[in-house]
Amino acid sequence: MGNNISVKYWWRFCFFDRKLKVTFDYYDKYTTDLLRERLLSPSSSYDRMWVNDGEIQNKGAELTLDGIIARKDNWGLSGSLILAKNKNKVVSLGDEVSSGLNTDALSGMKYEFSGSVVEAFRSVPNILAVGQPINVFYGYQVDGIVQTRAEGLAAGLIGDAAQPGEFKYLDLNEDGVIDGDDRTIIGDPNPDFQASLNLQAHYNRFDLSLFFNGSFGQDVFNTQSFNEPSSRPLRWTQDNLTNNYPSLREGRNVLMSDWFIEEGSFVRLQNFSLGYKLEDMKNVGFKSGRLFVNGTNLFTITDFKGYDPEVGSNGIYWGGGYPKLRNWTIGLELTF
């Protein structure tokens, strides 16, 4: 729950004898009194209680272009392009003491962890941090793979974590030790912008529709990065001194790091429809008809290594399950 204070502006223009319509929306939304938990005194017999506290700001714009690209007697092409950008920021997380906020050792940033623990890392990837976008990723930065034990010890690692084939983490505060004080923001699951494109064409009795959608600039935390079958043959070994993939080792204490952050941008052909209009059907008892074939989720263009880069707002890819199915439908529409 929360209270919203919003400012919104809207403009619409038409060009080329109304063949091109341009719509622009801008908004600035300020949300206060977010539903959050506050720490209580031990004497109360409870450790937390729900309160209305915290503030979030969202600013964004949306541009829509609707146009008739070409139109002749027996054919035509039209389209609609939508570009949307939203920028959010955590303004306040309430009182530092009663909210139990953490302090980043490097920047002094106030934050709290948000979401579920990823068991493989025994930590929560996302945080809500004052002055930062919602659910940014928080962890360590990786500087390649340890090649010799001397290199691992020099990097501030100890025990098994210093042996060859392990992740080499950056000692950001330069105190000679890799610990929680070396964590920093390592990614942002919020996209820079989103877009969709709808194209419609017809030729004589044929009609065609294509719908693309895409999201660009967001990061995805891939919990299965090293479990991908394509990654394991690239692992570090004495015969393959790679600086990109660690060795295979049971019991490794893997830290939350930017090694698991991937570019999540994608473009997807979401819908496809091709139809043929049937006319002069009175002799079979119908006014008209349309024979069509529809397809959904036909292909996705992305550099993401998992099944699908389109994950939840926290940006975490859990793996497992099945990829989105590609569906084809053939049908006949009849008008009596």
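Student: Which strand gives the largest share of the positive patch?

Tutor: First, a caution: this is a predicted model. Now the patch. Strand β6, residues 75-92, gives the largest share, with three residues.

Student: Which residues form this positive surface patch?

Tutor: They are K59, K85, K87 and K89.

Student: Take K87. Where does K87 lie, and is K87 buried or exposed?

Tutor: K87 lies in strand β6. Its relative accessibility is 62%, and exposed means over 50%, so K87 counts as exposed.

Student: Now charges that pair. What is the general idea?

Tutor: Side chains of opposite charge can pair when their charged atoms come close.

Student: How many salt bridges are in the whole structure?

Tutor: A search finds nine. One of them joins the side chains of R268 and E310, at 2.5 Å from N to O.

Student: Why does the pair of R268 and E310 tie together separate parts?

Tutor: Look at where each partner lies. R268 is in strand β18, residues 266-278, while E310 is in the loop between β19 (288-302) and β20 (316-317), so the pair ties together parts 42 residues apart in sequence.

Student: Which residue forms a salt bridge with D308?

Tutor: K324 does, and the closest N and O atoms are 3.7 Å apart. K324 lies in the loop between β20 and β21 (327-335), and D308 in the loop between β19 and β20, so this pair ties together parts 16 residues apart in sequence.

Student: How accessible are K324 and D308?

Tutor: K324 counts as partly exposed, at 44% relative accessibility. D308 is buried, with a relative accessible area of 9%.

Student: What links K324 and E310?

Tutor: Their side chains meet in a salt bridge, 3.1 Å from N to O. This pair links distant parts of the chain, 14 residues apart: K324 sits in the loop between β20 and β21, and E310 in the loop between β19 and β20.

Student: Next, a charge without a salt bridge. Where does D171 lie?

Tutor: D171 is in the loop between β12 (167-169) and β13 (184-187). D171 is buried yet has no salt bridge. The nearest side chain of opposite charge is R183, 12 Å away.

Student: What separates the C-alpha atoms of N240 and G165?

Tutor: Compare sequence with space. N240 and G165 are 75 residues apart along the chain, and their C-alpha atoms are separated by 10.0 Å.

Key
Residues numbered from 1 in each chain as written. Predicted model: local features only at pLDDT ≥ 70, side-chain atom pairs only at ≥ 80, totals over all residues. Heavy atoms only, no water. Patch = residues over 30% accessible without salt bridge, like charges linked within 9 Å, V, L, I, M, F, W, Y side chains within 5 Å. Areas by Shrake-Rupley, 256 points an atom, 1.4 Å probe, with all protein chains shown as cover. Salt bridge = Lys/Arg side-chain N within 4 Å of Asp/Glu carboxyl O. Lys, Arg positive; Asp, Glu negative; His and termini not counted. Charge placed at Lys NZ, Arg CZ, Asp CG, Glu CD. Helix = DSSP H or I, 4+ residues; strand = E, 2+ residues; numbered from the N terminus. Buried < 20%, exposed > 50% of the residue type's maximum accessible area, 1.4 Å probe, protein only.
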